[in-house]
Each structure stands twice: as C-alpha cells, then as structure tokens.
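Please keep the sequence and the structure in view while reading.

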Amino acid sequence: MFARSVQPDTVSLFSSTGSHPLGLFSIQVDSSLPSDSFVHLLNDTTSLPPPPPPAALISVPSNCRDQDSDTSQGRELSQTVLHIQSPTLQKTFIQCPPLTLHGAWGGKGLGLKHTWLHIQVRNLGRDWSFEVGIVDKVGRQGIIRCSTFQVQSEFFPHNIDLL
C-alpha cells in the first residue's frame, strides 16, 4: 500500500479527529450480535453520539472513570475516539489494509518501513486484544498479539529481524 511512497519519519494510519478516520480500514462486525457488536466514533467524555439502534454501549465501570483520586485507571478525553465493542473478538475488528470485495488484501500489506508502533488504549475494565502482522527484511512473516486476557506469553522458535 505504501511501499512505493516516500515515507516520513512518522506515519499516522488512524486519527479519530481526521476528516475520514477509518478511510484506510475495513470494518467487520459480528452480525449475529447486533446490539453488542459494533464499531463507532464517539466523544469520549459524553459517549455521544450513541451508536445506531439496536447497538447499545456498555457502561464503563466506575473504577475506570476519570475521577479526582489516585485510584483512577483511565482518563476521559474531550475528543472523538474509536469505540470497538463485541463479546466475540474474532468477529468484530478493523483491518488495514482493508479487505477487498473478495475478502483478501492481496498479500502486499502496508509496506511501511518504520521500527516503532504506538497504540493508545483506554482501560474500560474489560478484556481487549489487537494484532499487528509484520514482515522482516528477508520476507519472514509474524504476528504480534497483545491482549489483556492471555496469561502465558508465547514465543515462536524463529527470530524476526525488524531492523
């Protein structure tokens, strides 16, 4: 996708405050759970606008809300954020590069050559996960998976040289 582009030092694939924040992504939701599974942009402080019916936002546990105490686990932002909600992680997600109409992205990937990835996630007191597919200089592929519910770390037998 970006392999033949001049790449600046910093590339932002997603910014919730941009004019079309999900323009580079495909969105997949679990259609068997229409009230529980959705992808939606909303104001973090007010949770508005609400998602279209029948979708219903989960309530954030009180111990995760921004409070004037040292026990607060998260901060609310007075700006638009991406809210992805589903009890089935495998069926509700965003993906970049986006899937084509035929369900494949052609195996080309993003073609970015950066060595750093920054993701900011707010603690909502619920399990979450994300995956990033990578390819090293010699073409070996791997997946970095981060989750709040995996207890044991997994190490794969091959090393991937990202530099």
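Aromatic pairs are counted between rings of Phe, Tyr and Trp (its six-membered ring) whose centres lie within 6.5 Å; planes under 30 degrees apart count as stacked, over 60 as edge-to-face and the rest as tilted. By this definition, the structure holds two aromatic pairs. The model is predicted, with local features needing pLDDT of at least 70 and side-chain atom pairs counting only at pLDDT 80 or more, while totals for chains, interfaces and linings use all residues. Residues are numbered from 1 along each chain as its sequence is written, and side-chain values use heavy atoms, with hydrogens and water left out.

**Aromatic pairs**

- The rings of Phe14 and Phe25 are arranged edge-to-face, with 6.1 Å from centre to centre and 85 degrees between the planes.
- Phe14 and Phe25 both lie in the segment before strand E1 (26-28), so their pair ties together parts that are 11 residues apart in sequence. Strands (E, at least two residues) and helices (H or I, at least four) are DSSP runs, numbered from the N terminus.
- Phe25 is buried, at a relative accessible area of 16%, whereas Phe14 is partly exposed at 27%. Buried means under 20% relative accessible area, exposed over 50%, and partly exposed in between (1.4 Å probe, protein chains only).
- The rings of Trp128 and Phe130 are stacked, because their centres are 5.8 Å apart and their planes stand at 5 degrees.
- Trp128 is partly exposed, with 28% relative accessibility, and Phe130 is also partly exposed, with a relative accessible area of 21%.

**The salt bridge and its strands**

- A salt bridge is a side-chain nitrogen of Lys or Arg within 4 Å of a carboxyl oxygen of Asp or Glu. In general, side chains of opposite charge can pair when their charged atoms come close.
- The structure holds one salt bridge, in which the side chains of Glu131 and Arg145 meet at 2.6 Å, N to O.
- Glu131 is partly exposed, with a relative accessible area of 45%, and Arg145 is partly exposed at 46%.
- E5 and E6 pair in the antiparallel sense over seven bridges; two strands pair if DSSP finds at least two bridges between them.
- Within this pairing, Gly133 stands opposite Ile143 in E6.
- E5 and E6 form a hairpin with five residues between them, and Gly139 in the turn has a positive phi of about 95 degrees.

**The loop between E2 and E3**

- Pro49 is found in the loop between strand E2 (38-43) and strand E3 (80-85). A cis peptide bond joins Leu48 to Pro49, with omega about 0 degrees.
- Pro54 lies in the loop between E2 and E3, and a cis peptide bond with omega of about 10 degrees joins Pro53 and Pro54.
- Ser47, which is in the loop between E2 and E3, has a positive phi of about 60 degrees although it is not a glycine.
- Ser47 counts as partly exposed, at 27% relative accessibility.
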